[in-house]
Amino acid sequence: MKKIIIASTSTVHNSGYLEYILDKLSNHFQGVSTILFIPFARPSGISYEEYTAKAKKAFQKINIDVKGIHEYENPKKAITEAEGIFTGGGNTFELVTQLYKHNLVEVLKNTLEKGVPYLGTSAGSNICGVNMKNTNDMPIVYPPSFETLGVIPFNINAHYLDPDPDSTHMGETRETRIKEFHIFNETPVLGLREGSWLEVSGSQIVLKGNLTARLFQRNQKPVELLSNQEIDL
């Protein structure tokens with residue numbers, strides 16, 4: 001049975017890395033002594049070692065060790081033998097490129113389907129969807145495919161922002177971008193606001209956190225989903 005947390009972000013305003021969700025993670029990874037960390041998204045271009053150290057410091061607060069997947073000679077085996085897995089945020093294009101480069105997409109999907117507890121933040125959440133087409137990231141590299149894990153039946157738009165009526169910015173809003181996506185694609189998209197996350201237990205997907213989320217479906221008006229509401233498509 002799938003056991004997944006899909007979080008919009010790793011850090012909320014005035015809070016440390018993963019701090020806002022640590023209590024939830026302590027329960028989510030209960031019984032896990034070491035988490036396998038996938039640092040491929042490299043936020044701000046930091047090294048795998050630097051990123052792993054950052055995750056390690058956060059999980060030390062709940063007495064869980066962290067080891068980066070780049071430290072293993074056989075990354076596939078590292079995934080299949082992992083007690084728990086965390087994929088951090090950063091650039092989704094680079095993350096997906098590296099997952100395909102190391103032939104890890106299928107093995108990661110199968111491992112999560114078997115119930116190994118997983119945490120994704122930002123880019124690590126984007127890859128849980130059907131594809132990565134609703135990422136906000138710049139295409140700094142060219143992945144072999146936009147298809148991702150598909151462990152949920154819709155896409156994630158992490159860090160979703162509502163239009164600001166007082167802003168002088170004349171560029172497209174997130175909602176406009178998602179409408180453009182639905183001209184050519186049928187996959188539903190969930191706009192996940194900062195500090196919100198999805199809790200996946202088997203086939204059940206529930207919105208968590210204090211905020212609503214915005215669900216977009218092709219040829220339908222967007223719908224606001226309430227916290228603790230099940231997402232049933």
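Modeller: Residues are numbered from 1 along each chain as its sequence is written, and side-chain values use heavy atoms, with hydrogens and water left out. Because the model is predicted, local features need pLDDT of at least 70 and side-chain atom pairs count only at pLDDT 80 or more, while totals for chains, interfaces and linings use all residues.

Colleague: Is N155 buried or exposed?

Modeller: Buried means under 20% relative accessible area, exposed over 50%, and partly exposed in between, with a 1.4 Å probe and protein chains only. N155 has 0% relative accessibility, so N155 counts as buried. N155 lies in strand β6 (residues 155–158), where strands (E, at least two residues) are DSSP runs numbered from the N terminus.

Colleague: Which side chain does the side chain of N155 join in a polar contact?

Modeller: A polar contact is a pair of N or O atoms within 3.5 Å; within protein, one must be able to donate a hydrogen and the other to accept it, and residues adjacent in sequence count only if both atoms are side-chain atoms. Here the side chains of N155 and N131 are joined at 2.7 Å, and the side chain of N155 also reaches the backbone nitrogen of V130 at 3.0 Å.

Colleague: How many bridges join strand β2 to β4?

Modeller: Two strands pair if DSSP finds at least two bridges between them. Strand β2 (residues 34–38) and β4 run parallel and are joined by four bridges, with T87 in β4 as the bridge partner of I38. Three bridges join β4 to strand β5 (residues 118–121), also in parallel.
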